[in-house]
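Dear colleague,

Here is the structure I said I would pass on. My notes on what was found in it follow below.

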Amino acid sequence: MSKRDLFIAAIQKSYQTDKPTIHLGSAILDGDIITEAKVNLPLRMMNRHGLVAGATGSGKTRTLQVLAEQLSAAGVPVFMSDIKGDLSGIAQPGTSNAAIEERSKILGTPFEAKGYPVELYSLSGNKGAQMRATILEFGPILLSKIFELNDTQSGVLAILFKYADDKKLPMIDLNDLKKVLSYLSEGPGAAEIKSDYGSISSSTAGTILRKIVALEQQGVGTIFGEKSFDISDLINKVDGQGVISLLNISDVQDKPALFSTFMLSLLAELYQTLPEAGDLDKPKLVFFLDEAHLLFKDAPKAFLDQIEQVVRLIRSKGVGIFFCTQLAQDIPVSVLSQLGNRVQHVLRAFTPQDADALKQTVKTYPRSEFYSIDQILTTLGIGQALITVLNDKGIPTEVAATHLLPPTSVMGPMTQSDYENHVRQSDVYLKYKDPIDPESAYEILTKRIEEQTKQEAQVKEEATIAKGGGKQEKGMFEEALASPLAKQIGREVVRGVFGMLFGKSTTRTKKGGLFGF
């Protein structure tokens with residue numbers, strides 16, 4: 001049997017199944033695309049999580065688009081972040097061209113232009129339906145990541161949440177957080193928490209307050225509040241197709257800690273909300289985290305522990321997570337070890353650091369009889385990737401350099417007018433358009449402080465009265481002395497006294513009287 005025949009047999013044995021699959025493309029051997037060597041990803045293995053990695057410009061975004069399209073067609077809802085704002089074209093049928101026709105012919109899969117149901121979301125509210133979460137839903141660990149707090153400051157933030165929870169103070173937005181911080185650091189609550197929670201220094205409180213104000217000044221404080229986003233809106237279908245929810249972060253991409261942490265908060269809420277599902281024929285939802293390295297950059301241990309826990313346990317809720325980044329090394333080992341499906345686009349080895357990254361990536365792949373992994377990883381073309389996934393029995397497949405399918409929808413953004421029309425016609429946009437301001441920690445503490453101030457004033461007044469009328473009588477005497485009549489009498493008395501001292505009459509005379517003029 002020839003090498004080609006052995007290769008085809010190995011690929012077919014690894015990737016063929018009678019269960020529903022995501023078709024990725026056809027395998028490559030010695031530079032030739034082998035049409036019949038189909039590379040598929042079993043749908044039921046999509047909740048074993050995955051990684052899409054590769055250098056800039058290698059085609060990662062279009063790979064995500066292909067995965068999202070086929071998941072939607074299979075009735076699986078998808079959530080993905082749109083970093084550059086160029087994925088909205090998924091909602092519209094694509095158009096063919098010579099390159100697409102050639103690729104489709106080689107792969108033996110006719111191109112069929114098609115659009116998919118899409119909901120557009122935004123953290124600022126300017127690019128789609130407003131996504132919000134309350135301060136309490138975020139919790140102290142995720143907020144500490146957003147505010148980039150150190151361990152001491154994170155501990156203080158945890159005190160605020162513990163106090164708010166113990167005292168039934170709903171923290172909804174940043175005003176609530178600032179009010180609780182002020183109340184416990186320099187307000188009436190400072191003495192109250194000293195024994196049970198510990199005191200809060202003015203310098204730490206000031207640092208946290210500056211972080212909050214800076215976020216407000218950046219114009220993204222609107223993500224905290226009500227109406228809070230209902231996680232069930234991510235799990236919708238239209239005409240049997242899964243809805244692709246796109247979070248457009250093109251206007252906040254310079255705030256990576258904000259949007260990456262927000263997406264993790266959605267995952268955490270999914271884990272806490274969804275019931276146990278066990279092994280399903282297809283996932284309930286697949287979550288794509290683009291630019292995943294931003295999620296882990298400078299992340300404290302508590303934050304990383306939370307990510308690891310969510311990734312490890314959310315599979316049983318029927319949710320799959322795919323991380324998309326440039327290097328596999330961007331993902332912590334504890335998380336990377338749980339990603340059973342790998343799609344690795346070309347890697348560049350221009351620097352010593354690149355060479356080290358290449359060596360580390362090679363070690364994560366099974367041994368291949370058909371490829372030199374380090375060589376194939378540096379020679380892949382655009383729209384090609386080295387793939388290994390879990391087959392329908394959960395066994396890693398044969399490594400396959402793969403010529404990937406092209407997307408069937410528009411590979412780019414909608415026009416501005418189409419985008420705006422799509423947003424305005426969305427029921428989800430209308431649902432979250434207007435914020436709600438319920439009674440929360442700010443209002444409750446403001447009332448409490450006002451009541452305490454009134455009580456203190458009343459106690460002081462009662463204490464003054466209880467001391468007796470002496471002060472009252474003195475006050476009446478002083479008031480009498482200040483009257484105009486008293487002042488006139490006083491002047492006459494003074495004149496009389498001075499007249500007696502100097503022997504002069506103080507009686508007024510007519511002209512020419514006293515001195516004879």
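Twelve strands form an open sheet with mixed pairing, in the order 2-1-14-13-12-3-11-10-4-9-5-6. Strand 2 (32–42) and strand 6 (129–130) are at the edges with a single partner strand each, so one side of each has no neighbour in the sheet. Helix 2 (residues 60–73) packs on the sheet and touches strand 1 (21–29), strand 3, strand 4 (78–82), strand 9 (244–248), strand 10 (285–289), strand 11, strand 12 and strand 14 (400–404). The direction of helix 2 makes about 140 degrees with that of strand 1. Please keep in mind that this is a predicted model.

Strand 3 (residues 50–53) runs parallel to strand 11 (residues 319–325), joined by four bridges. Strand 3 also pairs with strand 12 in the parallel sense, over four bridges. Gly-50 shows both pairings: it stands opposite Phe-322 in strand 11, and its bridge partner in strand 12 is Asn-341.

Strand 12 (residues 341–344) has Asn-341 and Val-343 pointing one way and Arg-342 and Gln-344 the other, and all are buried. With strand 13 (residues 384–388) the pairing is antiparallel, through three bridges. There, Gln-344 has Leu-386 as its bridge partner.

**Strand 5**

Five of the five residues of strand 5 (residues 118–122) are buried, so the strand is largely enclosed by the rest of the structure. Val-118, Leu-120 and Ser-122 lie on one side, Glu-119 and Tyr-121 on the other, and both faces are covered. Strand 5 runs parallel to strand 9, with five bridges between them, and pairs with strand 6 in the parallel sense over two bridges. Tyr-121 has Leu-247 as its bridge partner in strand 9 and stands opposite Ala-129 in strand 6.

**Helix 13**

Which residues of helix 13 (residues 352–362) are buried? They are Ala-357, Leu-358 and Thr-361. Seen down the axis of helix 13, the buried residues fall within an arc of 105 degrees, so they line one face of the helix. As background, an α-helix has 3.6 residues a turn, so residues three or four places apart point the same way. Pro-352 and Lys-359, on the other side of helix 13, are exposed. The buried residues of helix 13 are covered by elements including strand 12 and helix 14 (373–379).

**Nonpolar core**

The largest nonpolar core has 140 residues, of which Met-80, Met-131, Leu-177, Phe-287 and Phe-323 touch the most other members. Helix 9 (residues 256–273) gives this core its largest share, nine residues. Neighbours within four places in sequence aside, Leu-177 is in contact with Ile-135, Leu-143, Phe-147, Leu-157, Leu-160, Met-171 and Ile-212.

**Aromatic pairs**

The count comes to eleven aromatic pairs. One of them is formed by Phe-288 and Phe-322, tilted, at 5.5 Å centre to centre with 45 degrees between the planes. This pair links distant parts of the chain, with Phe-288 in strand 10 and Phe-322 in strand 11, 34 residues apart. Both Phe-288 and Phe-322 are buried. Elsewhere, Phe-7, Phe-370 and Tyr-371 form one aromatic cluster.

Regards

Terms used
Residues are numbered from 1 along each chain as its sequence is written. This is a predicted model: local features need pLDDT of at least 70, side-chain atom pairs count only at pLDDT 80 or more; totals for chains, interfaces and linings use all residues. Side-chain values use heavy atoms; hydrogens and water are left out. Buried means under 20% relative accessible area, exposed over 50%, partly exposed in between (1.4 Å probe, protein chains only). Two strands pair if DSSP finds at least two bridges between them. The arc is that of the directions from the helix axis to the C-beta atoms. Contact means heavy atoms within 4.5 Å. A nonpolar core is a set of buried Ala, Val, Leu, Ile, Met, Phe, Trp, Tyr and Cys residues joined through side-chain atoms within 4.5 Å. Axes are lines fitted to C-alpha atoms, for helices over the stretch in contact, and angles run from 0 to 180 degrees between N-to-C directions. Rings of Phe, Tyr and Trp (its six-membered ring) pair if their centres lie within 6.5 Å; planes under 30 degrees apart count as stacked, over 60 as edge-to-face and the rest as tilted.
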